[in-house]
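Subject: Structure handover

Hello,

Please find the structure below. My notes on what was found in it follow.

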Amino acid sequence: MESVTHSNWDTVIGQERVKKILQTAIRHNRVAHAYLFWGNDGVGTESVALEFARTLLCEKQSAVSCGECSGCKKMAHLQHPNLKLIFPLPGGDADKPDDDSLENDVVDEVRRQISEKARNAYFHIEIPKAKFIRIKSIREIKKESSMSSAEAGKKVFVIFDADAMNDAAANSLLKILEEPLDDVHFLLTTSRKDALKQTIISRCQLVQCSMLTDDEIAAGLITREGQDETQARFVARLAGGSYTRALELLKDDLRTYRSDVVTFLRSALSASPAKIFDDHDEYISGKKRSEAENLLLMLHVWMRDAIVLREGSDAIFNIDQRGDLKSFVDKFSRSDLESCLSAVERALELLRRNVYLPLVMLSVTVNLRRILHAK
Amino acid sequence: MSYQVTARKWRPLVFDDVVGQSHVSNTLRNALAQNRLAHAFIFSGTRGCGKTTTARILARAVNCLNPKNFEPCNECEICKEIIDGRSLDVIEIDGASNRGVDEIRNLRESVRYAPTRGKKKVYIIDEVHMLTKEAFNALLKTLEEPPSHVLFIFATTELHKVPATILSRCQRYDFRRISVDEIVGRLKFIAKEETITIDDDSLLIIAKKGDGSMRDAQSIFDQVVSFCGTTIDVKQVAGALNIVDQELFFRVSDVVKSKETKGALTLIDEVINSGYDVKEFVSGVTEHFRNMLIAKTTQSTTLIEESEIHRKRYADDAELFSLHDLLRIIKVVTDTENSIRFSVQPRFKLEVMMVQLTKMEPSVKIDELLNQIDELKKKLHADGPSIKIPPPSPKFEPERVSTFKVPPSVEEAKPKYTFSASLKTEPVQKKTDGNGSQHSIPGTVASDIPFSTVQQEWGKIVDEMRKKKISVGTILGETTPLEIINGTLRIGCGDEFHRSTLVRNKEILSETINGILSSKFRVEPIIHTVESPIPLHVNTSNGGEQTAAKQDSGNENHPLIKTLYKEFGAERIS
């Protein structure tokens, strides 16, 4: 894969508006000290932040990073001494707050994930058992931002998932975020802007990263992942504007899940209640969580398509399942499909909150039955 | 010197420049003038409204060597020292990072020493709400009676987190949100100083996005300037901030009005493809309909924060919707706004919202509805003595009943449902009566258990049900078994309430019935009004036969009754 070598704004898929904003800011010498890149999961907020960091740290100091200076080379492995990445880390022992050291295996995991991130900016760093950015990470920022650094030039602090800062961490960032020393830059990213404190938001320049279009995702999949056109287009449609999601979808064989949706609906709607209980056990036993989640996601898309089709529009996602969809809609055109959509969404939410899988699946089945069979 | 953002570069240096907080700056200036300055202040308010700024101005104002009109001169040595952050007498502490009791103990130690050069030693604790409980308590004594050379200024966005014991020792100043006009004024001034050409509409958009905070507005201003350079117009601003084109919102209300669901879905597609954020779009829609509501209710557009052209459009468009419809639309949109926040696929939610809006029936006024009901009632009374015994008159044809639908949105009309339901029972009852006479006998033949057994055991069933679930048992006691058709046991209920209760408890009900009869009936409660109201004392009686006989006493020719007389030697009691 070539992704390591091309090292300018092309690493970012789409987001032309954002690129233009940032490049103009550099050209006009109006780079603010704090930026917040926000947008849905996987649209490239982190990719934008990393590329912007690379450009700021490049020795040429132009609007596009050169990719040849030592700064850019170090950035290619995310190992520039003036770059600091902040992301959720597992909390230390609560009884020993001074003990900051991480377990060895966690350190290894962090290293592995950072090098993966360097290779693919759309990879999302997720350390197991790490939910929050803690105050000690922020204290480190304060210390480092006030000291002179190993290399001359700007210092860049990139905070991924800024919404993961807990209350203490967010509050202790406020002062330094408002008035840092010269040549210190903070780049924050979040997919849940509403979860951020207003006092944080107010200190940053907000840059919204839009959802990617299907074309942009498909083009990315073709050039970066070597997918063929049909597969790329198909995955792009289902990814809902998120490149990270598209990459995940590539891993699984989606077509099975989509035919599963039809089987699932059929068994859920036709069998007698008693049979469902029997079938259900069989159906979910041996299924992994992620598989169930994929099934529900497909079901979610299915319900949405059904609503769209019912309203006479043709902009459906499951293009190749039009026949099945059509007969479904004909049969249930008078049912409350909107409630079905909410029921599936609710199930997805429960699944993400780690609710016992069989319970989630059972409740969604029973709910769909009730809604669709209601007169 | 490297670039500084507007919010830092143009941080006000004198009280006069602090926008929108005259109630605070005037009070402070007067206190300085009369030499009645308190020793502890707490400033609260939303982000970016001038708390830290005012605290710093106050710190300089008390120490300045030659104040003019009680404003700091910002030119003398001491002022300069403070501005550069070199002063030993003005100590700004980040309360969120130095929140422990140890930091406060250090502070208490240093409070004792007199200022080195200025008149007062000023401690500014920003984000004071983050201090721990112990830290706050350690501060109490010092805060109440500090040495005369000390001034405390606290600033916080979350006043409710500060203990009452601290609040009572401070003079409290609440900073207001800054109005759109005031923000526009200040931005205009800054633009002029920086020789940036920007039109009023752009400033309005920026100020509105600032949402009451000067810092937010200035951040946005920076962003626009860094994107557009020194000449800025509305189009560029919209591009830089990715602001949804107002035109789209008017198109939303157009498709809602014309009920074009398909068009609405196409519109959403357009919104998504233009790269607008779905959440921002939905809150934009809320504001759009809120503007219409305002235009509608106030009959003026002064409260609408929009440019002049749009205000006029709101005034015109508001006529398209009734007040009730607008309220209902806003309800649907705000519900979506809330649920979309944590949604997996925000786009789907938005689409559902648009489908709901375009499918919405125009609401009916409650008064009109009540009048209609009253009229109907009058007609009913004119035709028959009571609603429960509707004579077979042509007035109760199903079509007529169906026109009597209560719009689901009109909450207050809900109680009337029972009324409309009992009206509806007429045709249903007719049907069951007609069918019953034909089917009850085949029914008993088809099933293993004759209907008569059901009637016999009915009392037992009711008792058993009471034991299991008292509420259902009581309801069941007021109903009668009607007939058995193809393995389905029909239970006649007096009204909708009884029926719905039984339907809800269908499982336990059929379990009980089938348990006692050791049968496999499906249970189907239906509405069935008998000519005489169902006697209440059925509850107390255990005799299934009696019950059945009593209830159908009015109808000697009913095949059931005939069977009873024949098979069981039933007697008429009353």
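First, a definition for the strands: two strands pair if DSSP finds at least two bridges between them. Please also keep in mind that this is a predicted model.

**Chain A overall**

Chain A has 16 helices and five strands. Its C-alpha atoms fill a box of roughly 70 × 50 × 35 Å along the principal axes. Of the 375 residues in chain A, 43% are buried.

The five strands form an open sheet. Its order is β2-β3-β4-β1-β5 (chain A), and the pairing is parallel. Two strands, β2 (83-86) and β5 (205-208) of chain A, are the edges, and each pairs on one side only. Ignoring direction, neighbouring strands are turned by 20° against each other on average.

Helix α5 (residues 135-146) of chain A packs on this sheet. It touches β2, β3 (155-159) and β4 of chain A. The direction of α5 makes about 165° with that of β2(A).

Now take the pairs across the sheet.

- β2(A) and β3(A) run parallel and are joined by four bridges. Leu83(A) has Val156(A) as its bridge partner in β3(A).
- β3(A) and β4(A) also run parallel, with five bridges between them. Here Val156(A) stands opposite His185(A) in β4(A). The chain gets from β3(A) to β4(A) by way of helix α6 (residues 167-178) of chain A, and this β-α-β crossover is right-handed.
- β1 (residues 34-38) and β4 (residues 184-190) of chain A are joined by five bridges and run parallel. Ala34(A) stands opposite Phe186(A) in β4(A).

How many of the residues of β3(A) are buried? Five of the five, so this strand is largely enclosed by the rest of the structure. Both of its faces are covered. Lys155(A), Phe157(A) and Ile159(A) are buried on one side. Val156(A) and Val158(A) are buried on the other.

**A closer look at Ile200(A)**

Ile200(A) lies in helix α7 (residues 198-201) of chain A. Is this residue buried or exposed? Ile200(A) has 24 other C-beta atoms within 10 Å. The cut-off for buried is 20 or more. Ile200(A) is therefore buried.

Which residues does Ile200(A) touch, leaving aside those up to four places away in sequence? They are Ala170(A), Leu173(A), Leu174(A) and Leu177(A). Take Leu174(A): it is 26 residues from Ile200(A) along the chain, yet their C-alpha atoms are separated by 6.3 Å.

**The sheet of chain B**

Chain B also has an open sheet of five strands. The order is β2-β3-β4-β1-β5 (chain B), with parallel pairing. At the edges stand β2 (90-94) and β5 (171-174) of chain B. Each has a single partner strand, so one side of each is left without a neighbour in the sheet. Neighbouring strands are turned by 15° against each other on average, direction ignored.

Strand β1 (residues 40-44) of chain B runs parallel to β5(B), and four bridges join them. Ile42(B) stands opposite Arg172(B) in β5(B). Helix α3 (residues 51-63) of chain B lies across β1, β2, β3 (121-126) and β4 (150-156) of chain B. Helix α3 runs at about 170° to β4(B).

**A helix pair in chain B**

Helices α14 (residues 278-298) and α17 (residues 346-359) of chain B pack at an angle of about 25°, with their axes 10 Å apart. The cut-off for roughly parallel is under 35 degrees. That makes α14(B) roughly parallel to α17(B). From α14(B), the contact uses Val278(B), Lys279(B) and Val282(B). From α17(B), it uses Pro346(B), Arg347(B) and Leu350(B). By class, the residues of this contact are four nonpolar, no polar and two charged.

**Where the chains meet**

44 residues of chain B are in contact with 43 residues of chain A. On the chain B side, α10 (214-228), α13 (261-273) and α17 each supply at least two residues. The largest share, eight residues, comes from α10(B). This side of chain B has 13 nonpolar, 17 polar and 14 charged residues.

Best wishes

Technical notes
Residues numbered from 1 in each chain as written. Chains lettered and ligands numbered in written order. Predicted model: local features only at pLDDT ≥ 70, side-chain atom pairs only at ≥ 80, totals over all residues. Axes fitted to C-alpha atoms, helices over the stretch in contact; angles between N-to-C directions. Parallel < 35°, antiparallel > 145°, perpendicular 65-115°, else oblique. Contact = placed C-beta atoms within 7 Å. Nonpolar A, V, L, I, M, F, W, Y, C, P; charged D, E, K, R; others polar. Buried ≥ 20, exposed ≤ 12 C-beta atoms within 10 Å, placed from the backbone. Right-handed = clockwise from strand over helix to strand, strands pointing away.
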